[in-house]
Amino acid sequence: MLSPELRDAVVRLFDEKGLLEAVLHVRRGTGAGLAEADAAVRAVLHEAGRLPVSPRGETSVELLAVGPLGPSVVELLDYDAERYTGVPDGTKVITRLFDVYGNDEESRELAACLGADVWDFNTHALDPWRADLDALSRLAGGDDVLVRRFSKLRAAGFRFFFRVLPP
Amino acid sequence: MGMSAEVLAIGPFHRGLLPFLDQPPERHATTREGAVLVVSVFRAPEGSTRSRELAACVGVEPWDFKSHAFDPRRADLGALRDFHAGYFRCEEHAKARAEHPCDACERACEAPVERFVRLRDAGFEFFFCPNG
């Protein structure tokens, strides 16, 4: 739960600078990880009417990427680049790019953006070149950070996975 | 917000793994042999201490990213069993919030380690994922 001051700052930063700045502000203010901060920010923005509210449900999903660490990707991972100091280039790392919690429709939309189907496990190891980047950007509320991360990791040879979280 | 952690496995589906996946078997009625899946193997959502214990069980350092894609053969299965011992309750005891475990509770505590071994033997790759 974010403090009232932090919630106000989240909304202000989202309006002025976008989703990424709001998430980074929460990370700096709370020490939370990227996924946790992202979820907290989205909850605040939903309450504030800044992100579209869609019919909810039980399904939670996420988009993961796995690949080799290198100079072109170190800024795109879950944590600040300093945390990866001393980690050799080529080390296999995993990163969470996007998640949807308890929302059937958004889960379906994310899958569709990625050329997958939520409940067809044959499609969950993604071909990232089939992704609809415009649709992905819209799903992220118009924020282009997700698409930038996705594109750069794809160019760096990362593998991408769609995942349905356990019930 | 303390640290939490999860161990994920990524690898090829086959029918023998049905009891050990994230979703019930009926969800995999059309999944083809060899389809690559992500499976949640272990979770430590309770805070830093449990997360660090889990990291030690699988032979990684919680914040050393070069250790996070780990060799599952190096995991300490005994430590993993101890990590889960007494931690889960069977469905009946969970509903009753029973303090003392029964045989079914103990089997529930064994299940995550059995899942890990089955996925390891099926050639899955494993990742320790900290969050904090």
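**Close-up views of a predicted two-chain model**

**View 1. T49(B) lies in helix 1 (residues 48-57) of chain B.** Helices (H or I, at least four residues) and strands (E, at least two) are DSSP runs, numbered from the N terminus. The model is predicted: local features need pLDDT of at least 70, side-chain atom pairs count only at pLDDT 80 or more, and totals for chains, interfaces and linings use all residues. Residues are numbered from 1 along each chain as its sequence is written, and chains are lettered from A and ligands numbered from 1 in the order in which they are written. T49(B) counts as exposed because it has 11 C-beta neighbours inside 10 Å. T49(B) and G2(B) are 47 residues apart in sequence, yet 9.2 Å separates their C-alpha atoms.

**View 2. Chain B has four helices and four strands.** Along the sequence, chain B reads β-β-α-β-α-α-α-β. Of its 132 residues, 31% count as buried. Two residues are in contact if their C-beta atoms, placed from the backbone, lie within 7 Å. Among contacts in chain B between residues at least 6 apart in sequence, 66% join residues at least 24 apart.

**View 3. Chain B meets chain A through 24 residues from chain B and 26 residues from chain A.** On the chain B side, strand 2 (36-44) and strand 4 (125-131) each supply at least two residues. Strand 2 of chain B gives the largest share, four residues. By class, this side of chain B has 12 nonpolar, eight polar and four charged residues. Ala, Val, Leu, Ile, Met, Phe, Trp, Tyr, Cys and Pro count as nonpolar; Asp, Glu, Lys and Arg as charged; the others, Gly among them, as polar.

**View 4. Chain A is divided into domain 1 (4-47) and domain 2 (61-164).** The bounds come from an automatic or database domain assignment. The C-alpha centres of the two domains of chain A lie 20 Å apart. Their contact takes seven residues from domain 1 and eight residues from domain 2. On the domain 1 side, helix 2 (19-30) and helix 3 (34-47) of chain A give two or more residues. Helix 3 of chain A has the largest share, three residues. That side has five nonpolar, two polar and no charged residues.

**View 5. Four strands of chain A form an open antiparallel sheet in the order 2-1-4-3.** Strand 2 and strand 3 (125-126) of chain A stand at the edges with a single partner strand each, so one side of each has no neighbour in the sheet. Strands pair if DSSP finds at least two bridges between them. Eight bridges join strand 1 of chain A to strand 2 of chain A, which run antiparallel. V61(A) stands opposite V100(A) in strand 2 of chain A. Helix 6 of chain A packs on the sheet, touching strand 1 and strand 2 of chain A. Its direction makes about 150° with that of strand 2 of chain A. Axes are lines fitted to C-alpha atoms, for helices over the stretch in contact; angles run from 0 to 180 degrees between N-to-C directions.

**View 6. Helix 6 (residues 145-155) of chain A has L146(A), R149(A), F150(A) and L153(A) as its buried residues.** Seen down the helix axis, they fall within an arc of 95°, so they line one face of helix 6. The arc is that of the directions from the helix axis to the C-beta atoms. These buried residues pack against strand 1 (61-68), strand 2 (92-100) and helix 5 (133-139) of chain A. Just after helix 6 of chain A, G157(A) takes a positive phi of about 90°.

Definitions and conventions: Buried ≥ 20, exposed ≤ 12 C-beta atoms within 10 Å, placed from the backbone.
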